[in-house]
Amino acid sequence: MVPTTTTTNYYYYNSTLHKPRKKKNDTQTGKRVENAIAKKLNALWGQKLPTLKRGDVARYFPSSDERIIEYDIDTLVYEARSPFQKIQIMHSKTLGNMLILDELQNIAESDLIYTETLMGRGIENYEGKEICILGGGDGALLYELLKEKPKHVVMLEIDELVMQACNKYLNSICGDVLEKRKTDQYEIIVGDCVEYMKKFIAEGRKFDYVFGDLTDIPISGAPIGECWDFIRTIFEHSFKLLQPDGKFLTHGNGTSCLESLQLFEDQLRLLKPKVKFTTTKAFVPSFMEEWLFYQVTFA
């Protein structure tokens, strides 16, 4: 006998919609149906999958290794498209407001652990230091760094609209730092970070810390393509901006993405002058997975 697979889909409509009403299939009902079909077909195995919820609010987003995660999102708070990306802020019952950029989770009100692990709070000493943030448009990293009394922080962020949205809807994680673009403590420069890094290099400007709060490590089988070229450019420029005893701190990707993380580390090993790195991990609530962070210094 040739093994076969039978899949049965049940659809129902929310009673608030002006469509035919059908009985909602809860978990117990679905399991009874699955058992009845399995018995009738004399099947050796069966499974009832959770109901997929459709509607006007997106609830499903991918993990770093492309598994589907369902969120308890109940409201689309904000949506716009800038010249650079699609911007959404959604409200989750357990995570609070959450920033979504191009359909990928970036940060939520629940995610202080992300920022603290990226900056190595309690490990690094930022007092009196010169710091450069690449990206960081949600303002969370800048907000937390300023509590550590640095000499000055410059942040290079390309998307003004992201900052406006986060200032309004995510101020629990960014405070009021996105209200102004320049103070005695910090300066936010709106523009391409690579172009401003080139400018700083030409001026001979140096930093004690450079943060890469930009794109995630690409999920790919080889370090080729536009994203990998961008990462190599960021490496090259960042280490030209660092003091001899400075540090480059960045996030990587989910710890399950072993191949891509290895490719990233291979790129670090190719850098000249040579560098060395350590890593830390943290479970990030809005990512619903463990994330890897890098601390890189000259060897």
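**Exercise 1. The lining of the largest cavity**

Determine which elements each supply at least two residues of the lining of the largest cavity in this predicted model.

*Solution.* 
Step 1. Two elements meet the condition: helix 7 (226–241) and strand 11 (242–254).
Step 2. Helix 7 provides the largest share, with four residues.
Step 3. The lining comprises 13 residues; nearest the centre of the cavity lie Thr215, Ile231, Ile234, Thr250 and Phe264.
Step 4. By residue class, the lining of this cavity contains eight nonpolar residues, four polar ones and one charged one.
Step 5. The space inside the largest cavity amounts to about 130 Å³, and a search of the whole structure finds one cavity of 30 Å³ or more.

**Exercise 2. The second largest pocket**

State the volume of the second largest pocket, and identify the element that gives the most to its lining.

*Solution.* 
Step 1. The volume of the second largest pocket is about 1,300 Å³.
Step 2. Its lining is made up of 40 residues, and Gln85, Asn106, Leu214, Thr215 and Asp216 are the closest to the centre.
Step 3. Two or more lining residues come from each of strand 5, strand 6, strand 8, helix 7, strand 11 and strand 13.
Step 4. Among these elements, strand 6 gives the most, namely four residues.
Step 5. The lining of the second largest pocket divides into 19 nonpolar, twelve polar and nine charged residues.

**Exercise 3. Helix 8 and its packing**

Compare the span of helix 8 with the expected value, and find the elements against which its buried residues pack.

*Solution.* 
Step 1. Helix 8 consists of twelve residues and reaches 16 Å from first to last C-alpha, close to the 16 Å expected at 1.5 Å a residue.
Step 2. The buried residues in helix 8 are Ser260, Leu261, Leu263, Phe264, Glu265, Gln267 and Leu268.
Step 3. These buried residues pack against helix 7, strand 11, strand 12 and strand 13 (289–298).

**Exercise 4. Backbone geometry in the loops**

Locate the cis peptide bond, and classify Glu103 and Lys149 as buried, partly exposed or exposed.

*Solution.* 
Step 1. The cis bond joins Lys272 and Pro273, with omega about 0°; Pro273 belongs to the loop between helix 8 (258–269) and strand 12 (275–284).
Step 2. Glu103, which is not a glycine, has a positive phi near 70° and sits in the loop between strand 5 (96–101) and strand 6 (104–108).
Step 3. Because its relative accessibility is 33%, Glu103 counts as partly exposed.
Step 4. Lys149, also not a glycine, has a positive phi of about 60° and is placed in the loop between helix 3 and strand 8 (152–157).
Step 5. Lys149 has a relative accessibility of 58% and therefore counts as exposed, the cut-off being over 50%.

Technical notes:
Residues are numbered from 1 along each chain as its sequence is written. This is a predicted model: local features need pLDDT of at least 70, side-chain atom pairs count only at pLDDT 80 or more; totals for chains, interfaces and linings use all residues. Side-chain values use heavy atoms; hydrogens and water are left out. On a 1 Å grid over the protein atoms alone, a cavity is a set of points where a 1.4 Å probe fits but cannot get out, and a pocket is an open set with protein on both sides within 12 Å along at least five of seven lines; lining residues have an atom within 4 Å of a point. Grid points are joined across faces, edges and corners, and a volume is the space filled by probe spheres set on the points. Ala, Val, Leu, Ile, Met, Phe, Trp, Tyr, Cys and Pro count as nonpolar, Asp, Glu, Lys and Arg as charged, and the others, Gly among them, as polar. Buried means under 20% relative accessible area, exposed over 50%, partly exposed in between (1.4 Å probe, protein chains only). The expected span of a helix is 1.5 Å times one less than its number of residues. Contact means heavy atoms within 4.5 Å.
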